[in-house]
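Okay, thanks for coming, everyone. I'd like to walk you through one model today, so let me put it up on the screen.

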Amino acid sequence: MTSTSLDVERIRKDFPVLSRELPGGRPLVYLDSGNSSQKPTSVVETMREHLAMHYSNVGRAMHVLGSESTEAYESARDKVAAFIGAPSRDEVVFTKNASEALNLVAYSFGNPACADPRFTLGPGDEIVISEMEHHSNIVPWQMLAQRTGATLKWFGVTDEGRLDLADGVVTERTKIVSVAHQSNVLGTVNPVADVVALARRAGALVLLDASQSVPHHPVDMAALDADFVAFTGHKMVGPSGIGVLWARGELLEAMPPFLGGGEMIEAVWMDRSTYAPAPHKFEAGTPPIVEAIGLGAAVDYLTGIGMAAVEAHERELTAYALDALREVPGLRLIGPDSLDLRGGTLAFTLEGIHPHDVGQILDDRFGIAVRVGHHCARPLHLRFGIPATTRASFYLYNTTGEVDALVRGLHHVQKVFA
Amino acid sequence: MIGESMYQELILEHYKHPQGRGLREPYDTEVHHVNPTCGDEITLRVKVGDAGRIEDVSYDGQGCSISQAAASVLHELTAGSTVEETLSVVDEFTRLMQGRGQVEADEDVLGDAVAFAGVAKFPARVKCALLSWMAYKDAVVRSAAR
């Protein structure tokens with residue numbers, strides 16, 4: 001096994017699913033955490049316990065259960081704020097996923113309800129994204145460009161899978177630069193400081209899609225120095241149905257509400273309303289209460305392990321996997337083949353074999369779960385001239401033995417299609 | 001190990017040596033179908049002759065072994081048949097594919113296409129097998145409407 005300070009065997013016991021057998025007696029080899037991670041017992045139990053014994057609506061119920069629920073929900077916000085080094089807990093907005101967080105920010109631009117000049121957007125103004133984005137950081141901006149007449153531009157991607165911060169993409173007309181912190185396909189970790197510097201010079205705001213970074217690295221909002229950061233709970237051992245938007249407080253104050261409804265208001269008349277301060281202004285309706293509490297438990301779990309240790313473990317696995325995959329004939333890695341500024345996500349093609357066939361045989365014969373397809377990053381695949389890739393993504397519970405299983409599986413796939 | 005039985009020798013054979021692949025002239029109708037969940041795509045042309053007899057089905061596309069082999073088998077099965085005959089094969093193939101593995105295939109109607117029976121147990125792959133067949137159905141229906 002690996003030699004990091006992480007006791008992987010003990011960690012694996014925290015995730016019941018990792019010791020289950022698949023039909024036919026195959027063990028599970030879960031290499032799809034970049035898609036969605038598995039959940040430790042502590043998260044499952046925290047959610048079960050809350051649903052069973054403390055559940056009620058939050059914020060508005062004036063009874064014991066209401067106050068216990070509110071306390072647990074708001075304390076999850078405190079935990080998330082501490083986990084990401086947010087200067088204030090009120091800068092942590094719960095959404096249903098990262099996509100909602102990204103849409104929420106996009107909705108603030110070119111919106112007549114927001115007079116702040118940083119958010120005005122119209123014909124001639126520019127939105128900048130990149131070619132390596134997940135569809136959730138592309139489509140909301142296409143929709144915004146369509147609504148406002150603004151121009152959508154993007155950074156290209158180099159052959160090695162790095163962001164190409166070419167001159168002329170960000171200009172003085174750029175209002176927002178929105179890029180992934182870590183690519184969900186390439187594994188590339190983008191140079192945030194360089195992106196922020198470019199944007200600042202142009203007077204543009206910066207949004208980071210941190211869905212693939214917050215689960216795997218120590219991430220600190222103050223150090224990143226972005227304006228908005230979006231991520232999701234289900235990729236960081238938490239439940240689905242809960243995501244997070246972090247934004248600088250004064251920006252949240254300037255932004256218009258995204259969804260209207262209960263709990264996001266201060267006062268309502270028949271013809272107008274005033275709004276609650278952030279974060280509640282952005283949390284209309286009954287929120288995903290138990291999911292937020294589950295995310296709090298996930299953050300506790302990861303904090304207990306230590307994000308530096310998680311990062312180091314994945315780095316070691318990635319180094320091992322890069323070496324092992326190099327030995328597979330006809331395998332083309334899509335993304336950096338060095339450990340430099342890269343996370344534990346490895347996408348590749350096998351010559352002459354479609355990724356769906358690779359994934360099918362890996363799963364069916366060896367119980368190896370990988371993701372196949374374009375991973376919601378079709379433009380990136382077009383950039384590399386391929387329709388799809390096979391992607392293995394690692395997390396704190398993966399082992400070098402599982403990497404070996406993957407390599408054995410790939411050799412077998414090649415035998416079937418030889 | 002069920003999945004490997006999905007990769008019948010006949011399917012792999014068609015995948016490695018596709019029959020009738022490549023777009024050809026003349027044709028009556030050309031259609032382009034995409035499977036948005038996996039990005040598989042096919043462009044398919046149909047030339048119908050006298051008395052509704054299929055003169056050529058030509059195609060080009062990209063995708064997994066199942067989708068590519070299905071197009072190749074389709075090409076073979078349609079050659080020399082009438083539109084009406086081929087549509088009843090398409091219907092039987094569709095019934096087999098959508099049967100979740102519970103449907104007994106009619107080998108007399110399906111011929112080589114019976115090799116795809118194992119695919120029906122994998123809902124995620126059914127669309128792969130059906131891609132070219134649905135494109136074909138679309139093409140002949142449009143061709144008839146001309």
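So, what does the domain assignment of chain A give? We get domain 1, which is 8–30 + 306–416, and domain 2, which is 45–304. Keep in mind that this is a predicted model.

Let's look at how those two domains meet. Their C-alpha centres lie 28 Å apart, and 23 residues of domain 1 of chain A are in contact with 23 residues of domain 2 of chain A. On the domain 1 side, α10 (307–326), β15 (345–350), α12 (378–383) and β18 (389–393) of chain A each bring at least two residues. The biggest giver there is α10(A), with 5 residues. If you sort that side of domain 1 by class, you find 12 nonpolar, 6 polar and 5 charged residues.

Now to one helix in chain A, α11, residues 355–366. Is α11(A) largely enclosed or largely open? Well, 11 of its 12 residues are buried, so the rest of the structure largely encloses α11(A). Among the buried ones are H356(A), V358(A), I361(A), L362(A) and F366(A). Just past the end of α11(A), G367(A) takes a positive phi of about 70 degrees.

Last stop, chain B. Here 12 residues of chain B are in contact with 15 residues of chain A. On the chain B side, helix α1 (residues 2–6) has the largest share, 3 residues. By class, that side of chain B splits into 6 nonpolar, 5 polar and 1 charged.

Methods: Residues are numbered from 1 along each chain as its sequence is written. Chains are lettered from A and ligands numbered from 1 in the order in which they are written. This is a predicted model: local features need pLDDT of at least 70, side-chain atom pairs count only at pLDDT 80 or more; totals for chains, interfaces and linings use all residues. Two residues are in contact if their C-beta atoms, placed from the backbone, lie within 7 Å. Helices (H or I, at least four residues) and strands (E, at least two) are DSSP runs, numbered from the N terminus. Ala, Val, Leu, Ile, Met, Phe, Trp, Tyr, Cys and Pro count as nonpolar, Asp, Glu, Lys and Arg as charged, and the others, Gly among them, as polar. Domain bounds come from an automatic or database domain assignment. The expected span of a helix is 1.5 Å times one less than its number of residues. A residue is buried if 20 or more other C-beta atoms lie within 10 Å of its own, exposed if 12 or fewer, and partly exposed in between; C-beta atoms are placed from the backbone.
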